[in-house]
Every structure is written in structure tokens, then in C-alpha cells.
Amino acid sequence: MNASGTNTSQSHIALITGASSGIGQATARRLSRSGTPVVLMGRRQERLDSLAREITSMGGQASVSVGDVTRVDDVAAAVDVAGRMGHLGILVANAGIIPIEPLEDTELERWHRTIDTNLCGLVNCVHTVLPAMLQEKRGDIVLISSVAGRQTFPEASVYCATKAAVNHFADCLRVDLAKRCAKQGGHLRVSTVQPGIVQTELLDSIEHEPTREAAKAFTESVEEPLLPEDIAETVAWIIESPPHVSINDVVIRPTAMTR
Ligand SMILES: NC(=O)c1ccc[n+]([C@@H]2O[C@H](COP(=O)([O-])OP(=O)(O)OC[C@H]3O[C@@H](n4cnc5c(N)ncnc54)[C@H](OP(=O)(O)O)[C@@H]3O)[C@@H](O)[C@H]2O)c1
């Protein structure tokens, strides 16, 4: 493990938020398999430590930065960890929650928490990594959005709104960064990955039990949902594409998903 590490690699370092489970965890494994040193961020230290040990035992490089994306200081600390390893060239902004419940029962705090995590937390990460990427004029920002940013789902208005906002944010940012690199040989790319149903722990963040059970039943009704590894493979494809190729948005659903 390389938590206190100095400049040990010429590869771009990848900061992955929400690396303690699901899509983030699978992405960390996948990127480290192709030689990318990773910084694992999330709130559950044991999970992150265990993943870092696993990656290190396979010959990869992984550092842990325990933190909450809604806290700017925590994000800055994660970026510092990456900076000590080398050039932070990849951000996979993946941390997210879906604490939905029927409108009649919705507490304003849950709406705020959803926006704080899925949108403000993601913006915190992008804002913090930008200076180094702008200086180097290279980097990849991959934002994990959702099909919920393109279509609406019942009782999920704020969750859907956060994902739609991420899509617009990405589209504007992509153009703004491309302009700053044009004719200077730089490559600063922004992409979204917009998955349908993926088999992860995400629905456990639904505190309202009947809603959680209904959401799980809907998920289980889809034959062969996506696996986190399917999304990780997509992220790797985006990042590993030739520098002049910018894959803007990838919508990816289980083949059997009918809405
Ligand atoms: N699963 C799906 O069907 C699906 C579909 C479309 C989009 N997505 C999106 O995919 C992303 C990853 O979700 P997942 O499906 O992999 O679910 P997951 O297994 O529950 O992973 C969510 C991750 O986010 C982290 N996280 C949550 N709040 C955080 C915070 N405040 N600060 C730092 N980390 C935080 C969690 O780690 P800690 O609890 O340790 O902090 C966890 O590692 C989310 O943005 C989600 O909206 C999922």
C-alpha cells in the first residue's frame, strides 16, 4: 500500500469516490489491473483498507483516503494523497445515494442529502481536481450518472434531478475544458456513464422499508441485471481510448430492462 507514498509511478493516478462497494470498487479493481495507481475514497475505512490490500497483493498500487464527498476538506485530502503518488489524471466521481420514499413521507433532509452527495459532492471533487488537470492540460473526468437523468422514476424526483444535473454539468464542462486545450496539444476529457439497473448495495440507502422492498422487487424482476464489473469495463474503455477520442456519454442498460 502506498498511503504515505511519494512519487512512485509515471502512470496517471485515479481518484475513485465511493470505492468501498459496487461500481466504485469494481472500477478500482479494473483500473489497477491495467496498471493505474488508485486512490480509494469513501466513508467505510475497513472496506477501503481491505480493497487496498487486495489490489496491492495483486501487484497494483492503492492508497486509501477515508472521507465524505460532501466535505470539501475530505476531498482536498484525497487529492493530496493522489498528488503525493504522481499526477492525478483520472477522476471517477461515483459516490451516490438514493434515499427515496413516498412524497407524503419525504423529509426535506433526505432531499438535501441526495443533492449534497450526488451533485454537490461530485462538484466538490471536480472543482478540487481541476487545477492540476488544467495545469497539465490532460486528464479524464468520468461522472457516474444514471438512466434516471434521462427518464423519470416514481417517487424519485430529487434523485432523477441530481442525475439530470450531472449530465448537463458534464456537457458544459466538456466543452469548456476542450476550449482550453484546443490547439495546445492537451487532452482534457469529460464523460458520463449512465447505467440502468446494476446489482449493488445502492438500494440499501433507501431507509423507507416498503419503498426499499418495492425497488428491490423491481430490480429482481429484471433478468440478468448489470454487474458492477460491466460498468467498470465501460469506465476503463473510456479512459483507455486514444487521447483524441472523447466518449461523451454512455447509456448502458441490462438487455432485459424494458423501461
Ligand atoms: N446500482 C444501480 O442500479 C445504479 C444505476 C445507475 C446509477 N448508479 C450510480 O452508481 C453510483 C455508485 O452506486 P452503486 O450502485 O455502486 O452503489 P453502492 O454499492 O451503494 O456504492 C455507493 C458508494 O458511494 C459511497 N458514498 C455514498 N455517500 C458518500 C459520501 N457522502 N461520501 C463518500 N462516499 C459516499 C459509498 O461508500 P461509503 O458508504 O463507504 O461512503 C459507496 O461506496 C451512484 O452514483 C449511483 O447513483 C447506480
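Helix α3 (residues 72–85) packs against α4 with their axes 9 Å apart and at an angle of about 35 degrees, where axes are lines fitted to C-alpha atoms, for helices over the stretch in contact, and angles run from 0 to 180 degrees between N-to-C directions. Helices (H or I, at least four residues) and strands (E, at least two) are DSSP runs, numbered from the N terminus. V72, V75, A76, V79 and G83 of α3 meet N124, C125, T128, V129 and A132 of α4, contact being C-beta atoms, placed from the backbone, within 7 Å.

This is a predicted model, in which local features need pLDDT of at least 70 and side-chain atom pairs count only at pLDDT 80 or more, while totals for chains, interfaces and linings use all residues. Residues are numbered from 1 along each chain as its sequence is written.

Seven strands, paired in parallel, form an open sheet in the order β3-β2-β1-β4-β5-β6-β7; two strands pair if DSSP finds at least two bridges between them. The edge strands, β3 (62–66) and β7 (249–252), each pair on one side only. Seven bridges join β5 (residues 138–144) to β6 (residues 187–195), and I144 has V193 in β6 as its bridge partner.

| Helix | Strands touched | Direction angle |
|---|---|---|
| α2 (residues 45–57) | β2 (38–42), β3 | about 175 degrees with β3 |
| α4 | β1 (13–17), β4 (88–93), β5, β6 | about 160 degrees with β4 |

Note on methods: Contact = placed C-beta atoms within 7 Å.
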